Amino acid sequence: MTMQLHQASTEGNIAPPISTTDKILWWLAAVEPTLLQQYTVDRNRFRIIGLTVGCTGVFAVLAWTYFFSTTTAPAWSLLPLGFFMGFVIVNIDRALIKTMNPFKKQWLPLLLRMVLALVIGLFMAQPAVLYLFDQEVKTQASIDNGVRVQQKRQQLDSIYAGQKTALTQQLAQYETQAQTRYNELLQAQQAYLAEADGTGGSGTKGISVIAKAKQQAYTERTTAYEQWQAQHKPAMDSLRRELATLETNIRKDEAAFAQLLNHGFLTRIEAMQHLVAQNDAVAFRYYLIMALLMLIELMPVIVKSLMPAGPYAVAAKETEQYDIAQLSNDLMAKKAAADHDLQLRLTTEAASITQMHERFASLAKAEIEQESTHWQANAGRTSRQFWQSLFKRLLR
């Protein structure tokens, strides 16, 4: 009845042609073009939905392309990857709006769709925000990387602190001993010179006995200092080389760590968070832009949820019910035909079995009579031989 009403309402109306743009927009809106083209009002409604889905797809392509540009993906793959992810997002949006029932506003399914769209929009908004704040984010990322290098230096210093302390203490002991002996050498030299020029000691100018004694003491100090230097200098040089090697290793580890630092996606996200936490002006605009960008992803679901059930929705529902009823009738007809064929086959098989039984019974009776006559003609045969011969005749 409903299908007849639908056919009567559309009978005599000439459907306007479907343009290529309409086909694209209606595909994005997840509708049936052949069913929709009869209804002018709904044609415009679903064009709007298709435009919102298309805008979401374009935004997804741009956002994901920029996202992949912040990773290690090769340059030639950025656009293909961006278009692929945009296609995925478009189909998710099509699935969300296709499964929305305009006749039954169920809040839980609608809420689940909104949450899914919100999550997708939240992720896609991140690359867009990073692009808008690109210069500020790069500056903050450089500062953050500098802090990471300092922290790494502190970690390396703490790792090698034990070795450096032991080597430094040993070297300090040697240097203290060397300085002590050198000071003693200087004191002996000053005492000798003062005695020689009469400015100190006995006050006698010239090389006197006392001056010679002080000269001898100075010479002995010099020899002892040189001997000590010759004996301990290799050990001191070895300690200095070990300390230099440790410092070189620290610098190498620090340089290797610095090479790992980059301006990738996660680094930029962290820099953006630092900017938001440190600057209220940036924070306000950050959340405002995030809200606006997330609305782009939410718009198809919002528009579809606000759209009333128009003629297309009614026709689609009636067509679906008609197809279900038609399919149910076809299945019932096939089942009835299958049951009839089964009953006919069973009847035929039963008749065949009955006919075969009757034929076998008549045949067995004839065989028994013939074998009985043969047994009576041969009086010497036993009853056992009679039955064995009869079974062989029946089973051959």
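Q: What percentage of the 396 residues in the protein do buried residues make up?
A: Buried means under 20% relative accessible area, with exposed over 50% and partly exposed in between (1.4 Å probe, protein chains only). Here, buried residues make up 32% of the 396. Keep in mind that this is a predicted model, where local features need pLDDT of at least 70 and side-chain atom pairs count only at pLDDT 80 or more, while totals for chains, interfaces and linings use all residues. Residues are numbered from 1 along each chain as its sequence is written, and side-chain values use heavy atoms, leaving out hydrogens and water.

Q: How many helices and how many strands does the protein have?
A: Helices (H or I, at least four residues) and strands (E, at least two) are DSSP runs, numbered from the N terminus. This protein has 13 helices and zero strands.

Q: Which residues touch the most other members of the largest nonpolar core?
A: In soluble globular proteins, nonpolar side chains tend to be buried together. A nonpolar core is a set of buried Ala, Val, Leu, Ile, Met, Phe, Trp, Tyr and Cys residues joined through side-chain atoms within 4.5 Å. The largest one here has 31 residues, and Trp64, Met124, Val129, Leu130, Val137 and Met272 touch the most other members. Two or more residues come from each of α4 (40–69), α5 (78–98), α6 (107–132), α7 (134–159), α10 (265–278) and α11 (280–306). The largest share, seven residues, belongs to α4. There's also a second, separate core of 17 residues, with Trp26, Val31, Leu35 and Tyr39 among them.

Q: What is Val137 in contact with, leaving aside its neighbours within four places in sequence?
A: Contact means heavy atoms within 4.5 Å. With those neighbours set aside, Val137 is in contact with Leu130, Arg268, Ala271, Met272 and Leu275.

Q: Where is Ala63, and is it buried or exposed?
A: Look in helix α4 for Ala63. At 5% relative accessibility, Ala63 counts as buried. Along the sequence Ala63 and Ala128 are 65 residues apart, yet their C-alpha atoms are 5.7 Å apart in space. Beyond its neighbours within four places in sequence, Ala63 is in contact with Met124 and Pro127.

Q: What about Phe68: buried or exposed?
A: Phe68 lies in helix α4 too, and at 15% relative accessibility it counts as buried. Skipping neighbours within four places in sequence, Phe68 is in contact with Ala73, Leu78, Leu81, Gly82 and Met85.

Q: At what angle do the axes of α10 and α11 cross?
A: Two packed helices are described by the angle between their axes and the distance between the axes. Axes are lines fitted to C-alpha atoms, for helices over the stretch in contact, and angles run from 0 to 180 degrees between N-to-C directions. The axes of α10 and α11 cross at roughly 120° and come within 5 Å. Angles under 35 degrees count as roughly parallel, over 145 as roughly antiparallel, 65 to 115 as roughly perpendicular and the rest as oblique. So α10 and α11 are oblique to each other. On the α10 side, Met272, Leu275, Val276 and Gln278 meet Asp280, Val282, Ala283, Tyr286 and Tyr287 of α11.

Q: What is the phi of Ala30?
A: Most residues other than glycine have a negative phi. Ala30 has a positive phi of about 60° although it is not a glycine. You'll find Ala30 in the loop between α2 (20–28) and α3 (33–36), and at 11% relative accessibility Ala30 counts as buried.
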